[in-house]
Amino acid sequence: MNIAENQQVSMTEWLSELRRRPLGEIPVARAVDVTRTVLRHRDDAEGGVEVARFGSVA
Amino acid sequence: MPTSGSPGTAWPISQYVLKVHSRCDLACDHCYVYEHADQSWRGRPMVMDARTVAAVAERIAEHAATHRLRRVSVVLHGGEPLLLGPDRMRQVLAVLRRRITPVSHLDLLMQSNGVRLSEPYCDLFAEYDVRVGISLDGDRAANDRHRRFANGASSHPQVLRGIGLLRTPAYRRLFAGILCTVDVRNDPIAVYEALRAVRPPRLDLLLPHATWANPPYRPAGRATPYADWLLAVHERWTADGRPMPIRLFDSLRSTAAGGHSGSEWVGLDPADLVVVETDGTWEQVDSLKTAYDGAAATGLSVFTHTVDEVSRLPEIALRQTGLAGLSAQCRTCPVVTQCGGGLFAHRYRESNGFDNPSAYCADLKELIVSLSARHDVEPPVTAPVDQDGTDLPDGLLDRIAAGRTDADAVRFLAESQLAITRAMLVEVADGTPVTERTGWEALVRLDREAPDAVEETLRHPYVRVWAVDARRQLGTDSAAAAQLSCVAAAAAVRAGANVELDVPMRAGVLHLPSLGAVTVPEPVTGAAVLTVEPGRWRLRHAAGTTLVSFDGDLHATAPQVTGGRWQANRRLAFAGTTILFEDLDPHRDCHDWKAAERPDASTLARWGEVLAGAWSSIEADLPHQAAAVRAGLRAVVPLVDDPTGTLRSSTARQAFASVGVALADASATAVMIAHEFQHSVLGALLDLCDLFAPSPAVRLTVGWRSDPRPVEGVLQGTYAHLTITEMWRQRASREAPGGPAHQRHEQFRTWTADAADALLGSGALTPAGNRFVRRLAAALTP
Ligand code: SF4
């Protein structure tokens with residue numbers, strides 16, 4: 001599959017194509033889309049990861 | 001469902017504005033401090049004295065410790081904070097850093113008019129890592145409309161000089177952005193162009209403070225002049241390719257997609273900010289001073305009241321309640337989730353207080369409706385995000401959910417992460433000026449000629465941390481992208497290839513990610529030239545030349561170095577092989593707590609014993625997942641010890657397969673590694689698949705923390721606790737009934753099961769998230 005032309009592929013398929021393509025041949029627009037998608041609501045989100053609370057319980 | 005703002009809840013507060021100086025050297029006529037209804041500043045001391053600063057620092061640290069806040073930000077404000085003078089400023093910064101940094105990641109910021117910014121000040125801010133925001137209203141004509149000295153003279157040239165300092169390479173990282181107050185009499189395009197020209201890393205466009213009692217200025221015959229003004233800026237900004245983030249537009253875009261607004265101006269995010277006046281009194285947000293005299297007062301002081309007591313005040317609690325705290329008109333408004341009723345202060349009317357829409361209601365509505373229409377015609381993000389898990393390999397979601405992540409599942413996630421890092425590098429390289437792409441060109445060549453060496457380098461967890469950071473700074477700070485050369489250099493060393501690269505040196509150090517660092521005798525900062533040949537490098541920098549040569553394997557031999565020092569990244573025995581002990585990479589300092597400095601030989605030996613022991617414990621206590629940990633975990637970052645001896649561990653959102661841990665015994669370290677590894681696995685899964693819909697107003701109560709938590713936090717905590725439950729179950733099985741391991745197992749099992757129930761009842765999970773949490777809950781009773 002060619003991610004440069006095909007708009008209807010899944011994220012997982014996109015990533016395996018990005019993994020296979022030489023770095024210099026990855027279309028910038030696709031790279032930007034993947035990055036933006038991955039960082040979709042995680043850029044500024046607070047409280048994503050719970051701080052480990054081991055002091056009294058582990 | 002329990003939500004924020006329930007009576008008696010002490011909501012955690014993470015942002016503090018400190019009025020360190022109550023006077024200003026400008027006399028801006030739109031300033032709320034001096035020109036609006038509240039005149040309380042007149043009765044206050046001019047500067048915040050040392051005793052008050054110490055008391056504030058103590059209160060913040062105590063609150064951050066109680067609520068386990070990962071981050072706290074303190075904004076130095078005024079008046080004009082630079083009126084303090086560098087010596088007093090140093091004392092303030094030293095106290096805040098000394099008391100708060102050991103407890104929580106402290107972001108120090110300052111909001112200034114920039115007039116008095118000087119090199120000594122910038123050096124001080126660099127030393128204490130203080131980021132500086134400058135107020136500037138646009139071009140000279142726009143700025144002079146309000147921002148003048150008391151004698152009427154323009155402040156524009158002085159402010160530009162201050163901004164110029166913040167744009168020099170030495171201080172660029174201190175520049176936080178520009179805050180511009182909108183005046184519809186100014187030409188929006190001229191204002192935008194003038195602000196863009198100084199290349200701020202972020203721009204804030206603020207509506208001038210107004211209420212129903214004191215309505216906004218509106219030219220005759222214009223119903224929504226502020227919306228029109230902002231829409232004109234938005235159009236030009238979009239046509240320009242959005243050269244810098246503009247917070248209001250980004251917030252509205254985020255809330256349109258159901259996300260956080262990240263600001264108090266729009267959206268339903270809970271208010272999370274308190275102010276401390278020069279005399280140590282706690283106040284609510286400053287903008288309230290536009291409403292009426294005393295509107296921000298709480299009657300509490302840092303000398304007598306804790307942050308928890310402030311946070312429990314009904315007027316603060318009201319602002320945590322999202323939709324429920326808004327006026328009836330707002331609650332039924334079609335754009336309320338985006339608008340959130342606007343800034344709280346702007347809702348004031350003498351007859352009924354704040355129970356109104358914003359005095360800017362018409363403008364906000366028009367702005368939001370017009371922007372949504374524009375977003376609709378923009379190309380959507382084309383990579384579809386899986387909501388039901390069907391894009392993932394068969395059975396992967398179920399295995400991961402049940403705490404049965406195996407080596408294959410981890411390898412699949414690691415491959416996805418590698419692909420994402422590659423995408424990020426492409427984006428960063430594309431945003432780098434053509435003349436500064438030697439690193440990228442080398443990397444592209446090496447990717448063809450020596451793909452394994454590039455792959456191994458890009459798998460280093462902190463490459464992505466850097467890339468996310470560099471991506472944010474594209475267009476404003478090309479220095480951030482220069483690190484790409486260091487990535488290329490590390491790949492070239494691995495490949496035994498020949499390259500010559502322009503590389504960035506910081507304070508005499510050149511860091512090669514995942515390999516180590518060259519330190520030269522002088523603390524030079526700036527560009528250097530690195531020539532890599534098989535077994536030999538030459539680094540030409542401002543203070544001379546450094547040569548490093550080694551035989552064959554860099555890790556097997558101690559290299560010969562002239563004109564400097566080489567510090568190799570070290571590896572420690574773990575899981576029958578070795579693991580990277582990352583104590584050099586500057587990007588490792590992205591965990592909740594400060595990364596520790598490189599330990600001496602005896603401490604390193606202790607780490608070696610602890611990690612070896614931790615692995616034995618993971619093998620014994622987590623038999624179903626040990627193989628996944630072995631296949632997946634790539635790095636351990638030592639963290640600074642907690643001063644009270646509490647255990648510390650952390651996962652950084654962007655650093656897949658690396659865990660931050662403070663030194664502890666082997667058994668506790670095993671639990672911490674297992675816990676953090678779960679976060680890493682789930683984080684990687686969330687990159688590929690939506691398990692929950694963004695729901696900023698939803699907060700859930702969990703057993704392991706006193707404060708209600710956002711959905712993603714609860715999901716992450718529940719998933720990590722699944723593994724901890726399993727570990728204690730295994731430990732309990734080797735112990736007599738009723739022993740401490742049994743109790744801990746029961747405690748974690750109850751917490752995890754209750755949190756899973758809360759998630760399932762939250763209405764926030766996607767179909768994939770529902771399935772994930774159901775599997776997780778089922779796995780609690782094997
Ligand atoms: S647009 Fe007006 S009515 Fe709607 S939420 Fe905003 S302030 Fe309230």
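## A chat about chains A and B

Q: Where does Gly79(B) lie?
A: In this predicted model, Gly79(B) belongs to the loop that runs between strand E2 (71–77) and helix H3 (86–100) of chain B.

Q: And which peptide bond there is cis?
A: The bond from Gly78(B) to Gly79(B) is cis, and its omega is near 15°. As background, most peptide bonds are trans.

Q: OK, what about phi at Ala507(B) and Ser514(B)?
A: Ala507(B) has a phi near 50°, a positive value in a residue other than glycine, and Ser514(B) has a positive phi as well, near 75°. In general, most residues other than glycine have a negative phi.

Q: Where do those two sit in chain B?
A: Ala507(B) is in the loop between strand E10 (499–505) and strand E11 (509–512), while Ser514(B) is in the loop between E11 and strand E12 (516–519).

Q: Is Ser514(B) buried or exposed, and why?
A: Ser514(B) counts as buried because its relative accessible area is 8%, under the 20% cut-off. Ala507(B), on the other hand, counts as exposed, with 51% relative accessibility.

Q: Which residues touch the most other members of the largest nonpolar core?
A: Those are Leu443(B), Trp537(B), Phe574(B), Leu691(B) and Phe772(B), in a core of 137 residues. Helix H16 (residues 407–430) of chain B gives the most to this core, namely 14 residues, and at least three residues come from each of domain 3 (431–568) and domain 4 (605–779) of chain B.

Q: What is Phe772(B) in contact with, then?
A: Leaving aside neighbours within four places in sequence, the contacts of Phe772(B) include Leu397(B), Ile400(B), Leu691(B) and Tyr719(B). There is also a second, separate core of 106 residues, with Val184(B) and Cys333(B) among its members.

Q: Which residues are around the ligand?
A: Cys333(B) is one of them, and the others include Cys330(B), Cys339(B), Cys361(B) and Lys365(B). Helix H13 (336–339) and helix H14 (361–377) of chain B each give two or more residues to this shell, which divides into seven nonpolar residues, two polar and one charged.

Q: What covers the buried residues of H2(A)?
A: The cover includes helix H1 (11–20) of chain A, together with H16, helix H19 (461–472) and helix H24 (666–688) of chain B. Helix H2 (residues 28–38) of chain A has eight of its eleven residues buried, among them Arg30(A), Asp33(A) and Val38(A).

Q: What pLDDT does chain A average?
A: Chain A averages 64, and 53% of the residues score at least 70. Over residues 1–7 of chain A pLDDT stays under 50, and residues 43–58 of chain A also stay under 50, although the model has 58 contacts beyond four places in sequence for that stretch. Where pLDDT is low, the predicted coordinates should not be read in detail.

Methods:
Residues are numbered from 1 along each chain as its sequence is written. Chains are lettered from A and ligands numbered from 1 in the order in which they are written. This is a predicted model: local features need pLDDT of at least 70, side-chain atom pairs count only at pLDDT 80 or more; totals for chains, interfaces and linings use all residues. Side-chain values use heavy atoms; hydrogens and water are left out. pLDDT is the predictor's confidence in each residue, from 0 to 100. Contact means heavy atoms within 4.5 Å. A residue is near a molecule or strand if one of its heavy atoms lies within 4 Å of it. Helices (H or I, at least four residues) and strands (E, at least two) are DSSP runs, numbered from the N terminus. Ala, Val, Leu, Ile, Met, Phe, Trp, Tyr, Cys and Pro count as nonpolar, Asp, Glu, Lys and Arg as charged, and the others, Gly among them, as polar. A nonpolar core is a set of buried Ala, Val, Leu, Ile, Met, Phe, Trp, Tyr and Cys residues joined through side-chain atoms within 4.5 Å. Buried means under 20% relative accessible area, exposed over 50%, partly exposed in between (1.4 Å probe, protein chains only). Domain bounds come from an automatic or database domain assignment.
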